[in-house]
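Subject: Handing over the structure

Dear colleague,

I am passing a structure on to you, together with a description of what was found in it. Please have the sequence and the model open while you read the rest of this message.

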Amino acid sequence: MTIEDTVWPSVRVDGDLQRARTEWLHTNGAGAYASSTIAQMHTRRYHGLLVAALEPPRRRHVILSHMDATLEVSSVRYDLDTHQFPGVAPTAGYRFLARFDQDPLPRWTWQLPGGVLDQTVGLVRGQNAVVLRYVWKGPFPVELRARPLLALRPFHTLVREHGSMLQSVELRQGEVRVRPVPALPKVVFGHQATFIGSPDWWRRFEYLVEQERGLDFQEDLWTPGMFSMQLVPNTAAYIVAAVESLPEGAPSQLIATAARALSERDPGASRSRACRTLAVARDAFIADQAPEPSIIAGYPWFEVWGRDTLIA
């Protein structure tokens, strides 16, 4: 982490996987969170882009595990995902990762031949929804393909391929709806892209921290298909993923509101750096946006537990 005139973390990655193994955390004020390593290579069963609190701030489920991105620049394809599969080196998306900043929303900068891609993740305050923003900085438009990988499970467990997954996909104007697990709410995607349906399982993701703990560490993830969109230079494109229904408001407004809420936790330059850092960090534990405001006991696996919450 660099020490600058800011309380927000920043890491120069420059294609170094070791630097990209640091974990990050982003919360929505109601028990839901997003977390992974900087490389977006999950190492814990608790990692995901949308870990929803189905009974806020409790009953957490990993809904959206990954949103794998592939960029096509001048007819050359660049896969930006980094995953660990059995017996092989991690997939190589991290080699294009230049830096990570959480200022205050998690943001990745990918350096590619022909331009730079910025990806930002923002949870909607108080709701089980996440906004993904993509901005291409280059001389010509490029094609982005984004594939959601869903876990749809309680966050303490892992899932393997099974035959009871409902494969149907409902298409509406600007929306994709799926409900593969009838016992869980549907998952809704908002987009301005072309959706290509291809429901399938992606198999044997490995979570190395779980392996080190001596626990089950392999998981299969399900995808409904892929979003394809053209990125116009310096123009933001968005994909929203939500539980049950899309949040009200434009994606740009939702992500701006999330950033403003986090920025307001910083007491300002008149206070010491230590005070500012602690003030910002404590936001992850405050669930004041939930119907019953609570304090989260800790991450990655604690929820609202009496003794631990009082300690926190």
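This is a predicted model: local features need pLDDT of at least 70, side-chain atom pairs count only at pLDDT 80 or more; totals for chains, interfaces and linings use all residues.

If its neighbours within four places in sequence are left aside, methionine 67 is in contact with Leu49, Leu132, Tyr134, Ala146, Arg147, Pro148, Phe189 and Ile239.

Next come the aromatic rings, for which the count comes to 11 aromatic pairs. One of them is formed by phenylalanine 195 and phenylalanine 227, whose ring centres are 5.0 Å apart and whose planes stand at 55° to each other, so that the pair counts as tilted, the class between 30 and 60 degrees. Elsewhere, ring pairs join Trp24, Phe100 and Trp108 into a cluster.

A residue in a loop also deserves a mention here. Threonine 82 lies in the loop between strand S6 (76-79) and strand S7 (97-102). Is threonine 82 buried or exposed? Its relative accessibility is 1%, and because buried means under 20% relative accessible area, threonine 82 counts as buried. A polar atom of the threonine 82 side chain lies 2.9 Å from the backbone nitrogen of tyrosine 94. Leaving aside its neighbours within four places in sequence, threonine 82 has contacts with Leu17, Ala39, Gln40, Met41, Pro90, Thr91, Gly93 and Tyr94.

Finally, there are the charged side chains, and the structure holds 24 salt bridges. In one of these, aspartate 14 is joined to arginine 12, with the closest N and O atoms 2.7 Å apart. Aspartate 14 counts as partly exposed at 46% relative accessibility, and arginine 12 is partly exposed as well, with a relative accessible area of 41%. These two residues also belong to a network of salt bridges that links Arg12, Asp14, Asp16 and Arg19.

Glutamate 55 and arginine 59 meet through their side chains at 3.9 Å, N to O; glutamate 55 is partly exposed with a relative accessible area of 47%, while arginine 59 counts as partly exposed at 35% relative accessibility. Arginine 203 forms a salt bridge with aspartate 200, and there the closest N and O atoms are 3.8 Å apart. Arginine 203 is partly exposed, with a relative accessible area of 40%, and aspartate 200 counts as partly exposed at 37% relative accessibility.

Technical notes
Residues are numbered from 1 along each chain as its sequence is written. Side-chain values use heavy atoms; hydrogens and water are left out. Contact means heavy atoms within 4.5 Å. Rings of Phe, Tyr and Trp (its six-membered ring) pair if their centres lie within 6.5 Å; planes under 30 degrees apart count as stacked, over 60 as edge-to-face and the rest as tilted. Helices (H or I, at least four residues) and strands (E, at least two) are DSSP runs, numbered from the N terminus. Buried means under 20% relative accessible area, exposed over 50%, partly exposed in between (1.4 Å probe, protein chains only). A polar contact is a pair of N or O atoms within 3.5 Å; within protein, one must be able to donate a hydrogen and the other to accept it, and residues adjacent in sequence count only if both atoms are side-chain atoms. A salt bridge is a side-chain nitrogen of Lys or Arg within 4 Å of a carboxyl oxygen of Asp or Glu.
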